[in-house]
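The following note sets out numbered points for a colleague who is reviewing the structure. Please read each point with the sequence and the model in view.

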Amino acid sequence: MVDLKWKIGLALLGLCTVVIFTEAQIPALGACPLYSPIAKFNRTRFLGTWFEVERYFTVNEVAMKCVSATYELQVDGKIVVKNALTNSFNNVERIISGIMAPPGRAGDGRYTILYQSFPISYNASVMVLGTDYDSYAVLWSCSNIGPVGHTISAWLLTRDRVPQADVMFRAYEVLKKYGVSRTFFVKTNQVDCVIVPDPVNATEQLVATRQDCGTDGSPQRTGVHQYYQLAATRLEPPVFSLDDLAQFRKEIFAMPNVDVQPLTPEDN
């Protein structure tokens with residue numbers, strides 16, 4: 001009996017360790033649910049920008065706001081997916097890009113995105129549970145972790161940064177249809193979207209295109225150190241309210257608050 005408890009404990013520890021280093025952050029026991037995506041997925045109509053309104057907890061989006069995903073068709077026929085995330089502390093935007101894999105024979109709402117902008121390349125398999133292409137999309141992802149459990153990610157995307165109530169109602173109906181729990185969904189801040197370009201990504205473009213006049217009147221290219229000075233003047237110290245801090249805590253722990261009462265002498 002003791003050995004069995006140790007084995008279960010080690011299995012759960014391994015599950016939690018894997019969860020920390022993967023994108024899907026909500027663990028559960030057993031195998032992934034057998035959900036079916038939409039039967040006929042129109043990739044052309046799905047192109048364009050989608051704004052993330054709600055999502056399951058994800059490590060790489062902690063303290064991020066104004067999250068969006070843009071699907072762009074390239075001249076070579078490939079679809080590039082650009083995920084934009086803005087830092088809530090300094091308003092600097094970060095772009096994570098990937099390539100959408102070609103569609104399978106089924107032509108349904110399953111697709112895979114290959115990300116190569118990380119130290120280790122990885123594939124993200126996504127399933128479209130429902131979309132009308134014009135206002136909302138419900139995405140879901142699940143990864144099995146051996147025989148002990150699985151991890152889940154889910155996203156509610158809309159075409160408008162701040163959608164109307166009827167749009168969210170239709171998205172929630174998709175979740176209800178598949179039995180996807182809304183317990184672990186957190187709302188993405190899409191209101192205060194003052195975005196500053198990322199100095200690391202924007203430097204090359206700025207150095208290659210911008211020209212300033214020197215003391216002799218001749219054009220001179222702006223140096224990297226000048227760009228950082230420019231960027232620094234545009235960044236202001238962040239000011240956070242109690243609501244902001246509560247939201248950060250909710251995203252990090254993804255669990256309900258517990259009201260703990262202080263101990264009194266009678267409790268000792």
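Leaving aside its neighbours within four places in sequence, which residues is Arg159 in contact with?

1. The model is a predicted one. In it, Arg159 is in contact with Arg45, Phe46, Leu47, Gly48, Thr49, Trp50, Phe51, Tyr133, Asp134 and Ser135, when its neighbours within four places in sequence are left aside. Arg159 itself is placed in the loop between β9 (149–158) and α3 (165–178).

2. The charge of Arg159 deserves attention. Arg159 is buried yet has no salt bridge. Asp134 is the nearest side chain of opposite charge, and it is 5.9 Å away. The side chain of Arg159 does reach the backbone oxygen of Thr49, at 3.2 Å.

3. Two disulfides are present in the structure. With bonded cysteines counted along the chain, their pattern is 1-3, 2-4.

4. Cys32 is buried, its relative accessible area being 15%.

5. The other disulfide joins Cys66 and Cys193, whose sulfur atoms are 2.1 Å apart. This link is left-handed, with -105 degrees about the S-S bond. Distant parts of the chain are linked here: Cys66 is in strand β3 (residues 64–73) and Cys193 is in the loop between β10 (185–187) and α4 (199–209), 127 residues apart. Cys66 is buried, with a relative accessible area of 2%, while Cys193 counts as partly exposed at 22% relative accessibility.

6. Most residues other than glycine have a negative phi. Cys66, although not a glycine, has a positive phi of about 50 degrees. Asn91 likewise is not a glycine and has a positive phi of about 65 degrees. Asn91 lies in the loop between β4 (79–87) and β5 (93–100).

7. The count of aromatic pairs comes to 10. Among them, Phe41 and Phe46 are arranged edge-to-face, 5.1 Å centre to centre and with 65 degrees between the planes. Both residues are buried: Phe41 has a relative accessible area of 10%, and Phe46 has one of 1%.

8. Tyr56 and Phe184 form an aromatic pair that is also edge-to-face, with 6.3 Å centre to centre and 75 degrees between the planes. The pair links distant parts of the chain, since Tyr56 is in strand β2 (residues 48–56) and Phe184 is in the loop between α3 and β10, 128 residues apart. Tyr56 counts as buried at 4% relative accessibility, whereas Phe184 counts as partly exposed at 34%.

9. Phe41, Phe46, Trp50, Tyr71, Tyr111 and Tyr133 form one aromatic cluster. Phe46, Trp50 and Tyr133 from this cluster are also among the contacts of Arg159.

Key: Residues numbered from 1 in each chain as written. Predicted model: local features only at pLDDT ≥ 70, side-chain atom pairs only at ≥ 80, totals over all residues. Heavy atoms only, no water. Disulfide = S-S within 2.5 Å. Buried < 20%, exposed > 50% of the residue type's maximum accessible area, 1.4 Å probe, protein only. Helix = DSSP H or I, 4+ residues; strand = E, 2+ residues; numbered from the N terminus. Lys, Arg positive; Asp, Glu negative; His and termini not counted. Salt bridge = Lys/Arg side-chain N within 4 Å of Asp/Glu carboxyl O. Polar contact = N/O pair within 3.5 Å; in protein donor to acceptor, adjacent residues only side chain to side chain. Contact = heavy atoms within 4.5 Å. Phe/Tyr/Trp six-rings, centres within 6.5 Å; stacked < 30°, edge-to-face > 60°.
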